[in-house]
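Please look through the sequence and the structure below before reading on. The paragraphs that follow go through them step by step.

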Amino acid sequence: MNETRNHADDLDWDDAQWCQLYLLGELSPEQSERFERRIGESPEIAEQLLSHSDLLLAIAPEIAGVSHRPIAARNRTQTFAMVAIAASLMAVVTAGWYQRQRRSEELLIARAWVETFSDDPVDSRDVVVTLDESLVDTDGEHFDWMFVAVSIGDSLVQPTTDQRERESFNEG
Amino acid sequence: MTRPTTPEEPTPNQPTQSLKKINDDDWRADFREAFRSVESGLRRFLSTRLAQPSDVDDCLQSVFLTMEQDGQSVAAVSRRAWLFRVAANHSALHWRRKAVGEKALTKRSSTEHIEDDPAARMIETETKDRLRACIEQLPGNYRDVIRLRIDENLNFEQIADRLDIPLGTALTWMRRATQRLRRELEPEQDHDNKD
């Protein structure tokens, strides 16, 4: 409760504002007492208070569910995810290149793809990748780097079940 | 009013409490504080709906019991609002019992009729959808204030500081935001009354 608000502040408040601040616990004790007297004296005020109660009860869960991450921050996160994906891809492709010495073309394509997501040079050592060997066709001629990238991207972007459970628990 | 006895306080000899139990105690203590802070207002609110002081006392006690039983899921910011809604429901239940006889309604909770009615659930869902859309369409500054107050539970002085705006501006934005949202919940009202 805000104990410091000056009484002069409430001179131009309408009934809706009184109801709202009372329900949010933002009135001083003296203001609360004055408003509670009005509730008892006026069924109209009582009804308006109930209406505002319903409004607050309806809004609260919806507001809590609205994403409120700043757009800039969200973009930074997305950019980081994309760079991580790209760096992972580069690590995979580079590993394949060292192994087989025949993938210079794929490596060039992958590096170009990486650089579209960041102005900074991306080093394959920046990101630790647990590579699913089954994704790399070591016997075939073609190294499907885009398929690997998408697979790794999914694992980076999508939260695990444990993460989701933790987030759900924290939100609850 | 005679309040029900509080749950047993833990003693040092009791087994180690689980985290859940500790959390239970936290929300109960906070909710009781919210109840205490609006008890006078609840009493006056109920007095506008019930003629007899003894009925007001009974309803107030029912509100307290409902809070103890069902209050855990209520967000901190809307606890006072929830108490007034529950008080209204209990006063309505009081009159229904008088009208149709107490026996038929003894086992029905004050909210049961809403939960059991598919049409009411459908309307509630539609209202929530409309409300959610309306929140998304609010101007950014309105949405910021309402989110900071309701989701982050900052008071208006803190919101004014955070957004670097005068306190009166924060209050005005909140009022205008809620006016718009209120219209979504009350479509029968005059929508031509612009902000």
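B:Asp164 sits in the loop between α8 and α9 of chain B. The model is a predicted one, and in it B:Asp164 has a positive phi of about 60° although it is not a glycine. B:Asp164 is exposed, because its relative accessible area is 70% and the cut-off for exposed is over 50%.

B:Asn153 belongs to the loop between α7 and α8 of chain B, with α8 covering residues 156-163. B:Asn153 is not a glycine, yet its phi is positive, at about 60°. With a relative accessible area of 40%, B:Asn153 is partly exposed.

B:Leu154 is also found in the loop between α7 and α8 of chain B. Is B:Leu154 buried or exposed? Its relative accessibility is 13%, so B:Leu154 counts as buried, the limit being under 20%. Leaving aside neighbours within four places in sequence, B:Leu154 is in contact with B:Leu148, B:Arg149, B:Ile159 and B:Arg162, and also with A:Glu26 of chain A. The C-alpha atoms of B:Leu154 and B:Val77 are separated by 9.6 Å, while the two residues are 77 residues apart along the chain.

Helix α8 of chain B holds B:Gln158. B:Gln158 counts as partly exposed, at 40% relative accessibility.

Two packed helices are described by the angle between their axes and by the distance between the axes. In chain B, helix α7 (residues 140-150) packs with helix α9 (residues 167-185) at an angle of about 95°, and their axes are 8 Å apart. Angles of 65 to 115 degrees count as roughly perpendicular, so α7(B) is roughly perpendicular to α9(B). Which residues meet in this pair? On the α7(B) side they are B:Asn141, B:Tyr142, B:Val145, B:Ile146, B:Arg149 and B:Ile150. On the α9(B) side they are B:Ala170, B:Trp173, B:Met174, B:Arg176, B:Ala177, B:Thr178, B:Arg180 and B:Leu181. By type, the residues of this contact divide into nine nonpolar, two polar and three charged.

The largest nonpolar core has 63 residues. The members that touch the most other members are A:Tyr22, A:Phe35, B:Phe45, B:Leu83, B:Ile150, B:Phe156 and B:Leu181. The list therefore takes in residues of chain A and of chain B. Helix α3 of chain A (residues 43-65) gives the most to this core, with nine residues.

A:Leu56 is found in this helix α3 of chain A. At 8% relative accessibility, A:Leu56 counts as buried. Apart from neighbours within four places in sequence, A:Leu56 is in contact with A:Leu23 and A:Leu24 in chain A, and with B:Val77, B:Ser78, B:Ala81 and B:Ile150 in chain B. A:Leu56 and A:Gln20 are 36 residues apart in sequence, and their C-alpha atoms are 8.5 Å apart in space.

A:Tyr22, one of the core members named above, can be followed in the same way. Within chain A, and leaving aside neighbours within four places in sequence, A:Tyr22 is in contact with A:Leu27, A:Ser32, A:Phe35, A:Glu36, A:Ile39 and A:Leu49. From chain B, the contacts of A:Tyr22 are B:Val38, B:Gly41, B:Arg80 and B:Phe84.

The chains as a whole come last. Chain A has seven helices and zero strands, and chain B has nine helices and zero strands. Of the 172 residues of chain A, 40% count as buried; of the 195 residues of chain B, the share is 36%. Among contacts with a separation of 6 or more, residues 24 or more positions apart account for 63% in chain A and for 59% in chain B. Chain A exposes about 10,200 Å², and carbon and sulfur atoms supply 52% of it. For chain B the accessible surface comes to about 11,300 Å², of which 47% belongs to carbon and sulfur atoms.

Definitions and conventions. Residues numbered from 1 in each chain as written. Chains lettered and ligands numbered in written order. Predicted model: local features only at pLDDT ≥ 70, side-chain atom pairs only at ≥ 80, totals over all residues. Heavy atoms only, no water. Axes fitted to C-alpha atoms, helices over the stretch in contact; angles between N-to-C directions. Helix = DSSP H or I, 4+ residues; strand = E, 2+ residues; numbered from the N terminus. Parallel < 35°, antiparallel > 145°, perpendicular 65-115°, else oblique. Contact = heavy atoms within 4.5 Å. Nonpolar A, V, L, I, M, F, W, Y, C, P; charged D, E, K, R; others polar. Core = buried A, V, L, I, M, F, W, Y, C linked by side-chain atoms within 4.5 Å. Buried < 20%, exposed > 50% of the residue type's maximum accessible area, 1.4 Å probe, protein only. Areas by Shrake-Rupley, 256 points an atom, 1.4 Å probe, with all protein chains shown as cover.
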